[in-house]
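Subject: Structure for your review

Dear colleague,

Please find below the structure that I am handing over to you. I would be grateful if you could read the notes that follow it with the structure open beside you.

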Amino acid sequence: MGIDIRAMQKKLEKLNNKGKSSSDSAFWKPEDGSHEVRVLPTSDGDPFKEYWFHYNVGTGGILCPKRNYGEDCPICEFATKLFKEGDPESVASAKELFVRQRFCSPILVRGSEKDGVKIWSYSKTVYEELLKTVLDPDYGDITDLENGFDLKVDKGKKNGARYSTMTVKPKPKSGPMCKGLGTEECKELLDSIPDFSTLFTRSSSSEVQVALDKHLAEPDETTVGVEKGGGAENAVDAAIRELDL
């Protein structure tokens, strides 16, 4: 069998990051409304990946060396020092720098399967709901290829709230992951689930110190430690500002 030229063209376009539409982004950022997604299985059996980020330092999220890797974190140290000063301005500044917990899963967005695997970044509240679902004997392994469950994701503002909130519920009936897709397309999707260890850039303690120093001297100029393939602002930064998601 010869080389698939169309497939090679797609790879080149992806490499060159052509066409930065929402469908091309690795991260899924749902609009307000109802959506259906399927969480995909991962090779290690854990599709719910936990991360700790510092935001509001530069233009992207910085992986916290301390919470993720047990190393020294200059941002944590600086934020703690600010908080201990006790005055309202220092406390407010510290809270902007405190580490925040996020979770990520590989998903298929129903109706947009042709866009391929996306990364869904969500909050602890959603994470808890997902854990409750998989521990419920009525659902179990929602990622099962033949008998798993799609999820209904509803996002919107309630009662004039400033930010949107998100609710997640499993669909009542199980079904195949690859409905509407051919065998080869299904295999390609599974093969394209990313290695999460390479999804985000890991910064050393010294690199994080440089980022913090630049932020304090020139706010919003730093981009150290952001997500690969488009940066955090496309999905994670926007989501983290809606703290109930």
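The notes below set out what was found, beginning with the chain as a whole and then turning to individual sites.

Please bear in mind throughout that this is a predicted model.

Overall composition

The protein chain contains eight helices and eight strands. It has 245 residues, of which 42% count as buried. Among contacts between residues at least 6 apart in sequence, 65% join residues that are at least 24 apart.

Helix 5 covers residues 124-135, and its twelve residues should span 16 Å at 1.5 Å a residue.

Aromatic residues

A search of the whole structure gives twelve aromatic pairs. One of them is formed by F83 and F98, whose ring centres are 5.7 Å apart and whose planes meet at 50°, so this pair is tilted. F83 belongs to helix 3 (residues 74-85), while F98 is in the loop between helix 4 (88-97) and strand 5; the pair therefore ties together parts that are 15 residues apart in sequence. Both residues are partly accessible: F83 counts as partly exposed at 38% relative accessibility, and F98 is partly exposed with a relative accessible area of 29%.

A further pair consists of W120 and Y122, with ring centres 4.8 Å apart and planes at 55°, so this pair is also tilted.

Arginine side chains over aromatic rings

Two arginines are placed over ring faces. R67 lies over the face of W52, at 3.8 Å from the ring centre. R202 lies over the face of Y69, at 3.7 Å from the ring centre.

Buried polar residues

R102 is part of strand 5 (residues 100-109). With a relative accessible area of 2%, R102 falls under the 20% limit and is therefore buried. What lies close to its side chain? A polar atom of the R102 side chain is 3.2 Å from the backbone oxygen of S121.

S164 is found in the loop between strand 7 and strand 8. At 2% relative accessibility, S164 also counts as buried. Its side chain makes a polar contact of 3.0 Å with the side chain of D32.

The loop around E71

E71 is located in the loop between helix 2 (65-69) and helix 3. At 29% relative accessibility, this residue counts as partly exposed. Leaving aside residues up to four places away in sequence, E71 touches P65, K66, R202 and S205. R202, one of these contacts, is the arginine that lies over the face of Y69. E71 and S204 are 133 residues apart in sequence, yet their C-alpha atoms are 8.4 Å apart in space.

Backbone geometry at N56

Most residues other than glycine have a negative phi. N56 has a positive value, with phi near 65°. This residue lies in the loop between strand 3 (49-54) and strand 4 (62-63). N56 is partly exposed, with a relative accessible area of 26%.

With kind regards

Notes: Residues numbered from 1 in each chain as written. Predicted model: local features only at pLDDT ≥ 70, side-chain atom pairs only at ≥ 80, totals over all residues. Heavy atoms only, no water. Helix = DSSP H or I, 4+ residues; strand = E, 2+ residues; numbered from the N terminus. Buried < 20%, exposed > 50% of the residue type's maximum accessible area, 1.4 Å probe, protein only. Polar contact = N/O pair within 3.5 Å; in protein donor to acceptor, adjacent residues only side chain to side chain. Phe/Tyr/Trp six-rings, centres within 6.5 Å; stacked < 30°, edge-to-face > 60°. Lys NZ or Arg CZ within 6 Å of the ring centre and 35° of its normal. Expected span 1.5 Å × (residues − 1). Contact = heavy atoms within 4.5 Å.
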